[in-house]
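Please read them alongside the structure shown here.

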Amino acid sequence: MAASSGAPSSEKAATSEESYAETTPLRHSGATEDAPPQPRPARARKGKAEGQWALGYREPLNKNEQSKKDDHPLNVRARIENIYAHRGFDSIDPADLRGRFRWMGLYTQRAEGFPGTDTGHVDEEELDAPHFMLRVRVDGGGLTTEQLRVIGEISQTFARDTADVTDRENIQLHWIRVEDMPEIWRRLEAVDLYTTEACGDCPRVILGSPVAGISADEIIDGTPAIDEIVERFIGDRSLANLPRKFKTSISGQQDVAHEVNDVAFVGVDHPEHGPGFDVHVGGGLSTNPKLAVRLGAWVPLDEVADVWHAVVQAFRDYGYRRLRTRARIKFLIADWGPEKFRQVMEDEYLGRKMLDGPAPEAIAGTIDHIGIHDQIDGNHYVGVAPPAGRTSGSTLVGVAKAAEEAGSGRVRLTPYQKILVLDVPGEELDGLTAALDHLGLPARPTPWRRATMACTGLEFCKLAFVDTKNRAGELVEELDRRLADVQDALEHPVSIHLNGCPNSCARVQVADIGLKGQIVNDAEGNPAAGFQVHLGGGLGLDAGFGRKLRGHKVLSADLGDYVERVVRAYAEQHEAGERFAQWVVRAEEGQLT
């Protein structure tokens with residue numbers, strides 16, 4: 001097999017399912033070893049081929065599809081452990097390095113020294129550092145303090161003490177060497193943590209409410225459904241070759257940005273059947289943003305996993321594989337409409353009709369869970385805001401220690417790059433908040449720290465044009481000084497999201513102030529880091545994409561001046577109770593530039 005003969009060619013890489021199962025365990029015992037699905041009978045081909053398997057288009061139509069056909073992506077773990085960890089970075093087959101490694105949570109990292117202006121003018125190989133970003137998937141955002149400590153210790157030992165909390169409730173580490181991956185996996189899996197399918201064309205981490213099971217505001221606790229999906233389907237080889245990535249959220253309250261997920265299960269009360277979930281499909285951002293649409297179906301808790309499986313299978317077989325730019329499920333939903341998608345899903349995959357159900361009532365604003373809050377059991381949880389999600393392994397170890405000293409064994413990550421400590425007795429709150437504050441994680445952060453998010457950015461990401469994490473931290477400090485006098489006049493926090501490229505990992509289109517990184521010309525006409533501005537995006541009652549002002553762009557160096565000017569205009573002119581997104585709609589363009 002390939003694992004014993006060096007870096008694989010396409011032919012060598014095609015190991016059998018049986019030999020792979022013997023050498024590399026799947027994520028856990030609940031994963032299946034089913035072979036990829038057999039093609040359905042070919043149907044009449046109409047119009048331009050979109051590469052849909054169910055219509056008979058089985059031949060790969062781009063290099064990504066060819067790579068997945070050459071070798072099942074989950075096979076790459078055996079090569080990492082048996083070949084690349086021993087022979088080093090230079091031994092890695094390019095198809096594994098920039099493709100299949102993602103199914104194990106590994107992305108190539110940007111080489112040091114490449115400015116954003118050079119990104120589009122060099123070969124991808126020149127951008128590769130001999131290090132990786134490693135994504136640890138945290139389904140539902142839930143960690144024990146032991147798990148958090150292990151991640152922090154891995155960061156300290158293998159990742160130069162780096163750690164970022166993402167807006168997908170994951171933790172990302174940087175500076176990872178392929179030689180260290182077997183030991184990193186050993187440590188993670190010893191505490192039931194995994195990196196399997198944390199990236200790649202497969203089901204990514206499942207978002208869940210950070211306060212599931214402890215909040216009086218949730219309609220239903222979605223944790224059992226998340227656990228069932230993870231147990232049954234993560235590592236399932238029949239679902240590991242989707243047209244593109246697939247993002248899921250399941251929450252009993254609207255605190256996980258369900259509108260921009262590929263499939264979302266949103267808590268709702270059915271007038272006859274009680275608490276359950278409303279199903280949304282087809283959300284996503286990037287260069288073609290779309291909000292998810294309702295299927296009009298109500299699903300009880302014990303059927304969520306089966307319905308999820310039906311949605312994923314329909315996407316696998318009918319999703320577009322010809323062009324990567326049209327391979328997300330949102331394009332299929334836009335072309336078919338929710339009615340047809342629901343019918344195909346029910347008839348061909350679920351085998352029954354789902355119950356119709358009501359829509360959840362949209363909420364205003366964002367639920368970020370920052371601060372000190374009551375739990376339904378009499379304890380409390382404390383939410384803190386690492387600056388734009390940036391933290392460190394040492395800080396994570398410190399959070400785990402502080403939580404345990406306060407009597408807690410559980411933490412949660414949020415889709416807004418925040419950290420929650422759960423199960424804190426009232427008498428321990430002062431001690432815990434003091435310990436967290438000492439770690440640089442105040443439980444009462446400023447509005448700007450609380451509402452600012454950023455993607456990985458130029459520091460590590462090969463796609464980025466500008467720095468985001470560091471710039472976000474600097475911007476927060478600037479706004480804390482500049483806008484201290486108007487904070488009390490802001491009834492609603494103003495969210496600021498910075499993204500290094502158009503892919504919108506930081507959800508710029510649905511922020512109050514969304515900043516999309518690009519290279520712009522400075523006053524002397526020289527290329528410089530800057531941002532295109534999106535204003536007034538939002539979710540919930542404000543669901544929609546930010547207003548672009550005739551291509552208005554701001555130099556990174558001028559962000560403080562620009563944000564201060566716009567926020568002061570909002571503070572002075574908004575009506576009582578008026579949210580930023582509402583004000584932007586009626587504001588004159590001159591007030592926004």
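1. Helices and strands are DSSP runs, of at least four residues (H or I) and at least two residues (E) respectively, and they are numbered from the N terminus. On that basis, Asp192 lies in the loop between helix 7 (181–190) and strand 6. The model is a predicted one.

2. Two residues deserve a check of their backbone geometry. Most residues other than glycine have a negative phi. Asp192, although not a glycine, has a positive phi of about 65°. Ala388 likewise has a positive phi, near 55°. Ala388 is placed in the loop between strand 13 (380–384) and strand 14, and it counts as buried because its relative accessibility is 3%.

3. Helix 9 (residues 304–318) has 15 residues, which at 1.5 Å a residue should span 21 Å; the end C-alpha atoms are 21 Å apart, in agreement with that expectation.

4. How do helix 9 and helix 11 pack, and at what angle? Their axes are 9 Å apart and the angle is about 105°, helix 11 comprising residues 338–350. The two helices are therefore roughly perpendicular to each other. On the helix 9 side the contact involves Asp306, Val307, Ala310, Val311, Gln313, Ala314, Asp317 and Tyr318, and on the helix 11 side Phe341, Val344, Met345, Glu348, Tyr349 and Leu350. By class, the residues of this contact are ten nonpolar, one polar and three charged.

5. Helix 15 (residues 469–482) and helix 16 (residues 559–573) have axes that come within 10 Å and cross at roughly 50°. That angle makes helix 15 oblique to helix 16. The crossing of helix 15 past helix 16 is right-handed. Helix 15 contributes Arg471, Leu475, Glu478, Leu479 and Arg482 to the contact, while helix 16 contributes Leu559, Gly560, Asp561, Val563, Glu564 and Arg568. The residues of this contact divide into six charged, four nonpolar and one polar.

6. The 14 residues of helix 15 reach 20 Å from first C-alpha to last, close to the 20 Å expected at 1.5 Å a residue. Its buried residues are Lys469, Arg471, Ala472, Gly473, Leu475, Val476, Glu478 and Leu479. Those buried residues pack against helix 14 (447–450) and helix 16, and also against strand 4 (162–165), strand 14 (390–392), strand 17 (452–454) and strand 18 (496–499).

7. Is Pro203 buried or exposed? With 1% relative accessibility, Pro203 counts as buried. Pro203 belongs to strand 6 (residues 203–208). Leaving aside neighbours within four places in sequence, Pro203 is in contact with Arg137, Glu197, Ile234, Leu239, Leu242, Phe246 and Trp308. Pro442 is 239 residues away from Pro203 along the chain, and their C-alpha atoms are separated by 34 Å.

8. Gly371 is found in strand 12 (residues 371–374). The relative accessible area of Gly371 is 10%, so this residue is buried, the cut-off being under 20%. Apart from neighbours within four places in sequence, Gly371 is in contact with Tyr381, Val382, Gly383 and Ala443. Gly371 and Pro94 are 277 residues apart in sequence, and their C-alpha atoms are 46 Å apart in space.

Note on methods. Residues are numbered from 1 along each chain as its sequence is written. This is a predicted model: local features need pLDDT of at least 70, side-chain atom pairs count only at pLDDT 80 or more; totals for chains, interfaces and linings use all residues. Side-chain values use heavy atoms; hydrogens and water are left out. Axes are lines fitted to C-alpha atoms, for helices over the stretch in contact, and angles run from 0 to 180 degrees between N-to-C directions. Angles under 35 degrees count as roughly parallel, over 145 as roughly antiparallel, 65 to 115 as roughly perpendicular and the rest as oblique. A crossing is left-handed if the near helix is turned anticlockwise from the far one by less than a right angle, and right-handed if clockwise. Contact means heavy atoms within 4.5 Å. Ala, Val, Leu, Ile, Met, Phe, Trp, Tyr, Cys and Pro count as nonpolar, Asp, Glu, Lys and Arg as charged, and the others, Gly among them, as polar. The expected span of a helix is 1.5 Å times one less than its number of residues. Buried means under 20% relative accessible area, exposed over 50%, partly exposed in between (1.4 Å probe, protein chains only).
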